[in-house]
Amino acid sequence: MPAAAQHRRTRTGRLARKLAVAGTGVAVLALPLIGATSASAATPTVQTATTLGYSNTLDGWIRASLAVMAEHGIPGSYDGIYRNVIRESSGNPYAINLWDSNAAAGTPSKGLLQVIDPTFNAYHVANTSWDPYDPVANITAACNYAAQRYGSIDNVFGAY
């Protein structure tokens with residue numbers, strides 16, 4: 001084959017490669033825009049007292065948590081949750097314990113049921129907030145933990 005023919009083929013091949021790379025670059029740049037639209041449409045709503053139709057009060061947080069717990073097969077009763085919330089935080093969703101051994105180790109107990117971050121993360125319930133101060137997320141994660149450890153939050157009568 002003559003050298004000129006090989007040169008043309010190489011130049012054409014080089015042009016094709018450049019166009020393919022450029023086209024891939026445009027596609028890669030467009031993917032986040034397309035993906036963001038699709039992903040946001042598929043993202044489930046975080047379940048809170050208000051999104052579930054309950055009041056943004058201790059009563060509403062417990063009732064909303066019980067609804068989420070029922071969806072996930074987590075046992076517990078209104079009375080068991082209420083009793084433990086009052087003992088742990090007096091109903092303050094922003095309560096934080098800065099003096100016990102967990103706090104001394106750098107992981108203070110937080111929220112209505114005074115859960116440390118590693119426990120909250122390990123027992124987090126799907127479709128609830130990842131914020132340990134969110135009342136519904138805090139209650140459901142704590143109840144999930146209590147169910148695994150004690151059978152139910154109803155069986156907890158002291159610090160857990």
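Biologist: Which residues have the most contacts inside the largest nonpolar core?

Modeller: Ile 81, Ile 139 and Cys 143, in a core of 25 residues. A nonpolar core is a set of buried Ala, Val, Leu, Ile, Met, Phe, Trp, Tyr and Cys residues joined through side-chain atoms within 4.5 Å. Buried means under 20% relative accessible area, exposed over 50%, partly exposed in between, with a 1.4 Å probe and protein chains only.

Biologist: Which helix gives the largest share of this core?

Modeller: H6, with eight residues. Helices are DSSP runs of H or I, at least four residues, numbered from the N terminus.

Biologist: What kind of model is this?

Modeller: A predicted one: local features need pLDDT of at least 70, side-chain atom pairs count only at pLDDT 80 or more, and totals for chains, interfaces and linings use all residues. Residues are numbered from 1 along each chain as its sequence is written, and side-chain values use heavy atoms, leaving out hydrogens and water.

Biologist: Now Asn 84. Buried or exposed?

Modeller: Buried, because its relative accessibility is 0%. Asn 84 sits in helix H3, residues 78-89.

Biologist: What does Asn 84 touch?

Modeller: Leu 113, Ile 153 and Val 156, not counting residues up to four places away in sequence. Contact means heavy atoms within 4.5 Å. A polar atom of the Asn 84 side chain lies 3.2 Å from the backbone oxygen of Val 156.

Biologist: New topic. Where do Tyr 78 and Tyr 82 lie?

Modeller: Both are in helix H3, four residues apart, about one turn of the helix. Tyr 78 counts as partly exposed because its relative accessibility is 24%.

Key:
Helices (H or I, at least four residues) and strands (E, at least two) are DSSP runs, numbered from the N terminus. A polar contact is a pair of N or O atoms within 3.5 Å; within protein, one must be able to donate a hydrogen and the other to accept it, and residues adjacent in sequence count only if both atoms are side-chain atoms.
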